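The account starts from one annotated residue and then widens.

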Amino acid sequence: MVGTGYLGATHAVCMSELGFTVVGLDVDETKVASLASGAVPFFEPGLEELLRKNLESGRLTFSSSFEDVADADAHFLCVGTPQRADSAAADMRYLDSAMDGLLAAGLKPGALVIGKSTVPAGTAARLAARLATEAPHVGLGWNPEFLREGFAVEDTLRPDRLVFGVPTEDGDRAEAILREIYARPLDAGTPLIVADFATAELVKVAANSFLATKISFINAMAEVCEATDADVTVLAKALSYDTRIGGRFLGAGVGFGGGCLPKDIRAFQARAQELNIGRSVAFLGEVDAINLRRRARVAELATEVAGGDMKGKRVAVFGAAFKPNSDDIRDSPALDVAKALHDAGAVVTICDPAAMPNARRRHPELRYELNALDAALDADVVLHLTEWAEFREIDPAVLASVVRKPVVIDGRNTLDPVRWRQAGWTFHALGRPTL
Ligand code: UDX
């Protein structure tokens, strides 16, 4: 497993759980040491127990030396493809250096390199061409990953579908190896799509683009609801009974964040432009813009309720992670809003059950409290921006007794407006009338 970040660490543990001998490889020695000692360096329910179990079994080890994986039958590429600093495109340097490392160590004839990272269409063909000249006896397969943070183990062991990208010529060998690796989920009836490289690469970006579009669609409706005094949560519920639409990913609020959706829709547009078909996915620019407007809207609403000027106002922000059950703060809407209000002169205090260490490292200028009541002490406005169960369970009457002004903005539409109103709060939400 080349790369032991979110994807690689989970995949290494789960493959070992399926009975394979696995080496998790990473150039980051701290990460390797942590995993080798049984500690998962990020928050993922259930992963640490499984890591320890498989370390004990002896099937799972971690290393930072490519030499230790040279004799493997299959090499999964699980490195990150983040957004480049200088453009919207994906940064391919980690993937290329993973290939450099593998090729320098020397790969066993007959081995299969399997791409898992999310990549621009055309990457697999490029890597295949490289293998053909530098290691002609090694094959390539592309096996995109759809795991959600917070459900990573479940999604890996029991995926909703498997996609195998194989070479158009002579793809049988790659398919056979992939079938052997995934025998357990395949035997359990997991649907399998075998496709060419480009289709396999595109499945992943298309899926994430669709999910992002669904969220931005309902958030666009939230904007319309705000202008018409309608309620987007009722609208979404009514839409959801149409089985062609379905109810999932129609949660209106402060929008999507994380290490995948935002950067994938940007990289997709960048790749489409390179291919001279920018127009085909130009709507993703609007999806991104709607998403970012929701963050701006929360900051604007907070400023409005604070009397038009944030200077010296105290703001409690519930949430720092981009979604609950995660400590991931990449492109987090909650942190973005917190930072904007801080920049506007507010004193912002954040509370998050898991993501505060990461948030503090990124934003030492913000304040942090372990307890939601402490974070809300003397607050002029409370922002609910990541829907952790802990925050939903807070008694609004108790919270009202510690704040300066009982004004809340529900940025996730998961609090009960009637209950908060009864406890004396002015209740604002995105896409819903103020109570
Ligand atoms: C996503 C994809 O779901 C997964 O298949 C892919 O492999 C990686 O990207 P993840 O980033 O873990 O997974 O998060 P996900 O649960 O999809 O949520 C993404 C973002 O959308 C979060 O910020 C979440 O808060 C937001 N969201 C989700 C909404 O705003 N509304 C919704 O209705 C659903």
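Leaving aside its neighbours within four places in sequence, F146 is in contact with D155, P159 and A207; contact means that the two C-beta atoms, placed from the backbone, lie within 7 Å. This is a predicted model, in which local features need pLDDT of at least 70 and side-chain atom pairs count only at pLDDT 80 or more, while totals for chains, interfaces and linings use all residues. Residues are numbered from 1 along each chain as its sequence is written.

F146 sits in the loop between β5 (139-142) and α6 (152-157). Helices (H or I, at least four residues) and strands (E, at least two) are DSSP runs, numbered from the N terminus. F146 counts as partly exposed because it has 17 C-beta neighbours inside 10 Å; 20 or more such neighbours make a residue buried, 12 or fewer exposed, and anything in between partly exposed, with C-beta atoms placed from the backbone.

K204 belongs to helix α9 (residues 197-228). With 24 C-beta neighbours inside 10 Å, K204 is classed as buried. Beyond four places in sequence, its contacts are T118 and P144.

Both F146 and K204 fall under the UniProt annotation "binding site" (unreviewed entry), which also covers residues including R148, E149, G251 and K323. The annotated positions span 178 residues in sequence and their farthest two C-alpha atoms are 24.3 Å apart, so they do not all gather at one spot. UniProt annotations may be inferred rather than shown by experiment.

Around the ligand, α9 gives the largest share of the shell, three residues. The shell draws at least three residues from each of domain 1 (6-195) and domain 2 (197-435), bounds that come from an automatic or database domain assignment.
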